[in-house]
Amino acid sequence: MTAARPPFSDQDQQFDGAGDVANGEQVFNAGDCSSCHATPGQPDRLRLGGGMALASPFGTFRPPNISPNPVDGIGAWSVTDLANALIGGVSPGRKHYYPAFPYTSFTSMTAADVRDLYAYLKTLPKVAGRAPPHSPAILFSIRRSVGIWKLLFFSQGRTAAHLDGDPVHDRGAYLVETVSHCAECHSTRNAMGAIKPDTRFAGGIDPQGTGFVPNITQDRLGEWTENDIATMLKTGETPNHGRVGSSMADVVTNTTMLLDGDRQAIARYIKALAPVATPHP
C-alpha cells in the first residue's frame with residue numbers, strides 16, 4: 001500500500017507529440033520553477049542546477065537539478081517520467097518524492113501542459129553537478145514512509161479548484177490551484193505538514209520558517225480590486241504604494257512574464273475566494 005507506483009507508462013499516448021515550447025515557457029513561469037530549482041549564487045534563473053536549501057520543520061530539502069543535463073539533471077527522462085513526478089510524486093527510480101516538491105498541487109496538471117513543459121525544459125542550458133542530498137527528520141528518513149503520508153493526505157489528480165463557468169475565472173482556478181500552487185505557501189499546515197483545508201489561502205507560517213505568509217482571501221484583500229491584484233503580479237506594486245517582498249518578490253519575477261490574460265485570470269479567481277480569518281501563527 002505504501003509502494004511508489006508511477007501512474008503512467010511510456011506507452012501512454014496522451015503525452016505524445018512534439019510539445020508547444022512557447023506554452024511550456026508559460027507553464028514554467030506560472031509554476032515558479034526557477035525560484036526553487038535555479039542554481040544558487042549565480043544570476044541566471046534558467047540554469048536549473050538545483051541545490052538551494054529549503055529548511056522546514058521536517059528537515060532540510062534540496063531541489064534537484066532539473067536542467068537537461070543527461071547525467072546530473074533530467075535530460076535522460078521521458079515525458080512520462082516528468083508526468084509521473086508532477087502528477088504522482090514518483091521518481092523514474094520508483095521512489096516517492098517528498099512533498100516539499102508540490103506535486104500535491106501539480107497533480108491536476110493537464111497532459112498538454114506537462115508535454116509542453118517538457119519540451120521547454122529541453123531547450124534550457126545543461127548544468128553539471130547534482131544537488132546535495134536531503135536531510136529529512138527521522139520520521140521521514142525512510143523514503144517509503146512518504147507512502148503513508150500520501151495515503152493520508154494525497155489524492156492523485158484531485159484539485160481544490162472551484163469552477164463557476166466563467167472562462168477567465170476557471171482559467172484562474174487552474175493556475176492558482178494547480179500550476180502556480182499558491183495554497184502551498186498561503187495556507188496553514190497540520191502537524192504532518194499537510195494543508196489544513198479550513199485555512200486554505202488564509203495565510204500561514206512561511207514553509208522555511210522565515211515569517212508569516214499573508215492571507216489572500218477576501219478577509220485580507222477585500223479592498224483590493226481585480227486590477228490591483230493583476231498589477232501586483234506584473235509589477236510587484238501593491239495598491240497602498242508598497243511592494244511585495246521576501247519570496248513573493250521571486251514569484252513576481254515569474255508572473256511578470258505571464259500573458260496579461262493569465263494574470264487577469266489569477267486575479268479574478270483570488271478575488272472570488274471566500275473570506276477566511278487569518279489563523280494565529
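**Figure 1. K234 in helix α9.** K234 sits in helix α9, which covers residues 226-235. Helices here are DSSP runs of H or I with at least four residues, strands are DSSP runs of E with at least two, and both are numbered from the N terminus. The structure is a predicted model, in which local features need pLDDT of at least 70 and side-chain atom pairs count only at pLDDT 80 or more, while totals for chains, interfaces and linings use all residues. Residues are numbered from 1 along each chain as its sequence is written, and side-chain values use heavy atoms, with hydrogens and water left out. K234 is partly exposed, because its relative accessible area is 42% (buried means under 20% relative accessible area, exposed means over 50%, and partly exposed lies in between, with a 1.4 Å probe and protein chains only). Leaving aside neighbours within four places in sequence, K234 is in contact with V252, T256, D260 and R263 (contact means heavy atoms within 4.5 Å). K234 and G17 are 217 residues apart along the chain, and their C-alpha atoms are separated by 32 Å.

**Figure 2. Helix α7 and what covers it.** Helix α7 has 13 residues, 167-179, and at 1.5 Å a residue it should span 18 Å; the C-alpha atoms at its ends are 17 Å apart, which agrees. The expected span is 1.5 Å times one less than the number of residues in the helix. α7 is mostly covered, since 10 of its 13 residues are buried. Among these buried residues are H169, D170, Y174 and L175. The elements that cover the buried residues of α7 include α1 (21-30), α4 (103-106), α5 (111-121) and α11 (260-271).

Figure 3. S180 and H181 are the two residues shown here. S180 is found in the loop between α7 and β4, and H181 is in the loop between α7 and β4 (204-205). S180 counts as buried because its relative accessibility is 13%. Apart from neighbours within four places in sequence, S180 is in contact with A30, L175 and I266. S180 and G31 are 149 residues apart along the chain, yet their C-alpha atoms are separated by 4.5 Å. H181 is also buried, because its relative accessible area is 14%. The phi of H181 is near 40°, which is positive in a residue other than glycine. Most residues other than glycine have a negative phi.

**Figure 4. D32 in the loop between α1 and α2.** D32 lies in the loop between α1 and α2 (33-37). D32 is not a glycine, but its phi is positive, about 60°. D32 is buried, because its relative accessible area is 15%.

**Figure 5. Helices α3 and α5 packed together.** Helix α3 (residues 79-88) and α5 pack at an angle of about 120°, and their axes are 10 Å apart. The axes are lines fitted to C-alpha atoms, for helices over the stretch in contact, and angles run from 0 to 180 degrees between N-to-C directions. The crossing of α3 and α5 is right-handed: a crossing is right-handed if the near helix is turned clockwise from the far one by less than a right angle, and left-handed if anticlockwise. In the contact, V79, L82, A83, L86 and I87 of α3 meet V114, R115, L117, Y118 and L121 of α5. The residues of this contact divide into nine nonpolar, no polar and one charged (Ala, Val, Leu, Ile, Met, Phe, Trp, Tyr, Cys and Pro count as nonpolar, Asp, Glu, Lys and Arg as charged, and the others, Gly among them, as polar). An α-helix has 3.6 residues a turn, so residues three or four places apart point the same way.

Figure 6. In α5, 10 of its 11 residues are buried, so the helix is mostly covered. The buried residues of α5 include A111, D113, A119 and Y120, and they pack against α1, α3 and α7. In helix α6 (residues 145-153), S145, V146, G147, W149 and K150 are buried. What covers these residues of α6 includes α3 and α4.

**Figure 7. A sheet of three strands.** The open sheet has the order β1-β2-β3, with antiparallel pairing. β1 (54-56) and β3 (135-136) are the edge strands, each pairing on one side only. Two strands pair if DSSP finds at least two bridges between them. β1 and strand β2 (residues 59-61) run antiparallel and are joined by three bridges. A55 has T60 in β2 as its bridge partner.
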